[in-house]
Structures are given as C-alpha cells and as structure tokens.
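Here is a brief report for a reader meeting this protein for the first time. Look over the sequence and the fold, then read on.

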Amino acid sequence: MITLYFVRHGQTVWNESGRYQGSTEVALSALGKEQAKLTAHWFEGIFLNGIISSSLGRAMETAKEIANLKSMNVEVVDALQELHFGDWEGKTFEEIEHCWPGMIEEMYHHPELL
C-alpha cells in the first residue's frame with residue numbers, strides 16, 4: 001500500500017495581507033517558516049520514500065525542512081506549480097471584486113468556464 005502525504009507550503013507574506021499569489025514568487029512569512037519547521041517535525045517518526053515539490057520558493061523551502069530532517073533530497077516537479085491568476089496576482093479579494101465584479105465567485109463555482 002502506498003501512502004501519499006500532501007503538504008501545503010507555510011504562510012507567505014501575501015497570505016498575511018490576503019493577496020492572491022498563484023505562481024508569483026512570494027516568500028514565506030516568519031510564521032510560515034515556523035510552520036515549515038513544525039511540519040517537518042511532524043514527519044519525524046514517519047518513513048518516506050521521497051519528497052516532491054513544485055519549483056516555487058515557498059514550496060521548496062517547506063519541502064526542504066522535511067528533507068533536511070530526513071537527510072533526503074527534494075525532487076522538483078514543475079507540473080505541481082500553482083495556477084497563474086494573471087492580473088489578480090498581488091491583489092486582494094476586495095481589489096479583484098472591484099475590478100472584475102463577480103469573477104471570483106464564478107471561478108470558485110465554475111472554474112471550467114474560465
């Protein structure tokens with residue numbers, strides 16, 4: 001039996017301010033760095049065959065905390081990269097809603113139409 005563990009990166013500086021980041025490189029916040037360390041320690045007693053991450057810095061930094069604890073390398077898979085939100089990246093929900101009324105709701109309810 002194969003067990004997969006999916007880990008999201010720690011909090012970023014844009015998460016703190018409610019900004020969409022998508023595939024934009026945004027650094028982990030101080031809390032995000034601590035979350036990455038705590039996540040790594042969660043894996044202390046768990047055997048892992050490998051660690052895979054997207055190439056985004058925030059994901060890599062989180063994965064490397066786990067890899068360092070396990071004395072392993074991180075395999076980078078670009079296909080795991082976050083979606084690109086285009087003009088929305090760097091904007092808050094309120095800014096997006098102001099510029100593109102109703103589009104956020106449309107994306108969450110009918111992403112196949114966008």
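The protein carries 8 positive and 17 negative side chains. The centres of these two sets lie 8 Å apart. All of this describes a predicted model, not an experimental one.

Now the fold. Five helices and two strands make up the secondary structure of the protein. Their order along the sequence is α-α-β-α-β-α-α. The C-alpha trace spans about 50 × 35 × 20 Å along its principal axes.

Next, the surface. The protein exposes about 7600 Å². Carbon and sulfur atoms supply 56% of that area. Of the 114 residues, 32% count as buried.

| Share | Value |
|---|---|
| Buried residues, of the 114 in the protein | 32% |

One surface feature involves three named residues. Ile2, Leu4 and Phe6 form a nonpolar patch. Together they have about 450 Å² of accessible area.

Where does Leu4 sit? Leu4 lies in the segment before helix H1 (13-16). Is Leu4 buried or exposed? Its relative accessible area is 63%, so Leu4 counts as exposed. The cut-off for that label is over 50%.

Note on methods
Residues numbered from 1 in each chain as written. Predicted model: local features only at pLDDT ≥ 70, side-chain atom pairs only at ≥ 80, totals over all residues. Heavy atoms only, no water. Helix = DSSP H or I, 4+ residues; strand = E, 2+ residues; numbered from the N terminus. Buried < 20%, exposed > 50% of the residue type's maximum accessible area, 1.4 Å probe, protein only. Areas by Shrake-Rupley, 256 points an atom, 1.4 Å probe, with all protein chains shown as cover. Lys, Arg positive; Asp, Glu negative; His and termini not counted. Charge placed at Lys NZ, Arg CZ, Asp CG, Glu CD. Patch = residues over 30% accessible without salt bridge, like charges linked within 9 Å, V, L, I, M, F, W, Y side chains within 5 Å. Salt bridge = Lys/Arg side-chain N within 4 Å of Asp/Glu carboxyl O.
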